[in-house]
Amino acid sequence: MPEKLRLLIRAGNPLIAIPTIDEERALKVVQEAARGIPRPAFCWSMSEGLRPLVPETKKDPLVKPGNAIKALQHVRGQSQSRTIYVFKDLGPHCKDALVHRTIRDLMAQFRESKSTLILIDALPLPDEIARFTLRFELGWPGAEELEDVVRKTYKRIRKESYEEVTSRLTRREIEQLVQSLRGLTCAQAERVISSAVLEDFSLTGDDIPHIVEAKRTLLGSQGCLESIAADFDSEDIGGLENLKEWLRRRRKGFSREAREFGLEPPRGLLMLGVPGCGKSLCAKVVAADWGMPLLRLDPGVLYQKFIGETESQLRLALRQAESMAPCVMWIDEIEKAFASASAASADGGLSKRMFGTLLSWMQDHRHPIFIIATANDISALPPELMRKGRFDEVFFVDLPRADVRAEVLSIHLRRHNRDPKAYDLAGLASAAEGFSGSELEQAVVSALFNAFSEGEELSDEHLYEAIEETQPLSVLNAEKVAHLRHWAANRCVPADLVDP
C-alpha cells in the first residue's frame with residue numbers, strides 16, 4: 001500500500017485524495033510513503049493547525065488551529081520543493097471561494113516544485129475539488145494487518161488486566177477470526193476484540209460467533225442491505241439432504257488451506273422452489289453454520305424515482321457487501337428486481353442496466369462473498385443469470401416428502417416445548433399431503449391456539465383438525481406449482497433426495 005502511494009507522489013501528482021474513515025491508518029500509510037522517498041511532510045487539521053507529520057518535539061504549530069485558508073496561504077508562500085502536505089477534513093472548507101482558488105493556485109505551483117497535497121476526508125469532497133484530485137483507494141486492512149491487531153490487542157489487555165487472560169486458538173480458528181474482522185477498520189477491529197476478550201478474559205474459538213454479531217451490530221444496516229441475525233442451524237431444516245451435503249463440502253472453501261489447495265471461494269447458489277419450502281431459511285442456516293454475517297438485499301427498495309439513483313443504490317449495496325466480506329449475501333425473490341430484463345419493458349431499459357451491473361459484479365468480484373438468491377418463478381429470469389460462473393449450482397426445492405413432513409412437524413413441536421414422540425407424526429404427515437414447510441408450521445401454531453382456547457393440552461385431534469382446515473398452495477394454485485415442477489425437472493438439481 002505505501003509503495004503505490006509513494007509512486008503517485010514521485011510521479012508528481014499535485015493533489016491526491018484519500019477518502020476513508022480510517023484516518024489513523026491513512027496517516028501511517030502516508031508516513032511510510034514519505035519515509036521511503038524521503039521527503040519532508042507536514043499535516044494540518046482545524047483543531048491542531050499545521051505541524052510536521054511526525055513531530056519530534058512538542059513545538060508550537062507552524063500555523064495555529066483555525067480555518068484552512070491561513071494554512072493554505074502559508075503553504076503557498078513556501079519555496080521548498082518536493083514536500084508532502086496532508087490536510088485532514090478539508091472538504092467542508094472547499095465551499096469557500098478563497099479556499100477553492102488557493103487550492104487551484106497550489107496545484108499549478110506544485111507541478112513546478114514537485115510537491116504534493118494529500119486530502120484525507122471521511123466525507124466526499126465537493127465536486128469542484130474532487131474533479132482535480134487523483135483518488136487513492138486505501139482499501140480495508142488485510143489479513144496480516146488484522147491478525148497483528150488481534151495479537152497486539154490481546155497482549156495489551158493481558159498486560160493491563162488484573163485478571164488472568166488466556167487464549168486457546170488453533171491456526172484455523174485464528175484465520176476464521178481474522179476473516180470475520182474483514183470490513184472493519186483497525187480501530188473497530190481492536191474494539192471488537194477487546195469486547196470479546198474482556199467478556200470472559202479469554203480468547204477462544206467460541207468467541208467467533210460473538211465477534212460476527214458485534215461486527216453486524218457495529219456496521220448496522222444501510223441503504224438496500226439489511227443485516228439479519230442468523231440464529232438457526234441445519235437441524236432447523238427438515239430434508240434438503242442434497243443441498244445440505246453440497247454446502248457441507250464447501251464449508252471450508254474460504255480458508256487458507258482451500259486457497260493453497262488451488263480452490264477459489266464458492267461463489268453462491270440459486271434456489272428455485274415452491275413458496276414456503278425453506279429457501280429463505282437456508283440462507284440463515286448457511287450464514288450461522290459458516291460463521292458469517294448475513295446481509296439481505298431487498299430488490300423492492302432498489303428502484304428509486306430519480307434518474308440514475310436506482311443504479312447508484314445497487315452499486316452502493318454491492319460496495320457495502322464487499323466491506324463486510326466475508327459474508328453471505330441473500331437476494332430474496334430475485335425475479336422481482338430483474339424479471340423485465342429478459343423481455344421488452346416500459347422502464348426505459350433500467351432493468352437491463354441493473355441486471356448488467358449485477359452480472360458484471362458477480363463475474364468479476366474477488367471478495368469472499370457467498371451469494372444465495374431465491375426465486376419462486378425462475379422462468380421469468382434471463383438465462384444468463386443461471387450459467388455456471390455466476391452461481392455454482394441451481395437447486396430446486398420441492399414440496400417435502402412424507403418422511404420429511406414428519407420431520408418438519410417434529411421440529412416445530414419441539415420449538416413449542418412439546419415432545420414429538422407423544423404425537424402420531426406418521427399419520428399427521430400422511431394427512432398433510434401437498435403441504436409446504438411453512439404450511440406445516442402454521443398448522444402446528446393453529447392447533448396450539450385451538451388447544452389453548454379450549455383449555456386443553458395439544459393433542460393429535462387438534463393437529464388433524466388444523467390440517468383439515470388448511471388448503472395448501474399446491475391445491476389453491478395447482479397449475480402454477482405443476483408448471484414450476486415440470487420446468488425445473490431437467491434444469492435444476494433436486495435439493496432433497498428423490499423418491500425411488
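Axes here are lines fitted to C-alpha atoms, for helices over the stretch in contact, and angles run from 0 to 180 degrees between N-to-C directions. The model is predicted. This briefing covers a pair of packed helices, H3 and H4, and the largest cavity, to which H4 also contributes lining residues.

**How H3 and H4 pack**

- Helix H3 spans residues 68-76, and helix H4 spans residues 97-113.
- Their axes lie 10 Å apart and meet at an angle of about 20°.
- Angles under 35 degrees count as roughly parallel, so H3 and H4 are roughly parallel to each other.
- The crossing of the two helices is left-handed.

**Who makes the contact**

- H3 contributes Ile69, Leu72, Gln73, Val75 and Arg76.
- H4 contributes Leu98, Val99, Thr102, Ile103, Asp105, Leu106, Gln109 and Phe110.
- By class, eight residues in this contact are nonpolar, three are polar and two are charged.

**The cavity**

- The structure holds one cavity of 30 Å³ or more.
- The largest cavity has a volume of about 40 Å³.
- Its lining consists of Val75, Gln78, Gln80, Thr83, Tyr85, Gln109, Phe110, Ser113 and Ser115.
- H4 supplies the largest share of that lining, with three residues.
- The lining of the largest cavity has six polar residues, three nonpolar ones and no charged ones.

**Where the two topics meet**

- Val75 of H3 takes part in the helix contact, and Val75 also lines the largest cavity.
- Gln109 and Phe110 of H4 belong to the helix contact, and Gln109 and Phe110 are among the cavity-lining residues too.

Note on methods: Residues are numbered from 1 along each chain as its sequence is written. This is a predicted model: local features need pLDDT of at least 70, side-chain atom pairs count only at pLDDT 80 or more; totals for chains, interfaces and linings use all residues. Side-chain values use heavy atoms; hydrogens and water are left out. Helices (H or I, at least four residues) and strands (E, at least two) are DSSP runs, numbered from the N terminus. Angles under 35 degrees count as roughly parallel, over 145 as roughly antiparallel, 65 to 115 as roughly perpendicular and the rest as oblique. A crossing is left-handed if the near helix is turned anticlockwise from the far one by less than a right angle, and right-handed if clockwise. Contact means heavy atoms within 4.5 Å. Ala, Val, Leu, Ile, Met, Phe, Trp, Tyr, Cys and Pro count as nonpolar, Asp, Glu, Lys and Arg as charged, and the others, Gly among them, as polar. On a 1 Å grid over the protein atoms alone, a cavity is a set of points where a 1.4 Å probe fits but cannot get out, and a pocket is an open set with protein on both sides within 12 Å along at least five of seven lines; lining residues have an atom within 4 Å of a point. Grid points are joined across faces, edges and corners, and a volume is the space filled by probe spheres set on the points.
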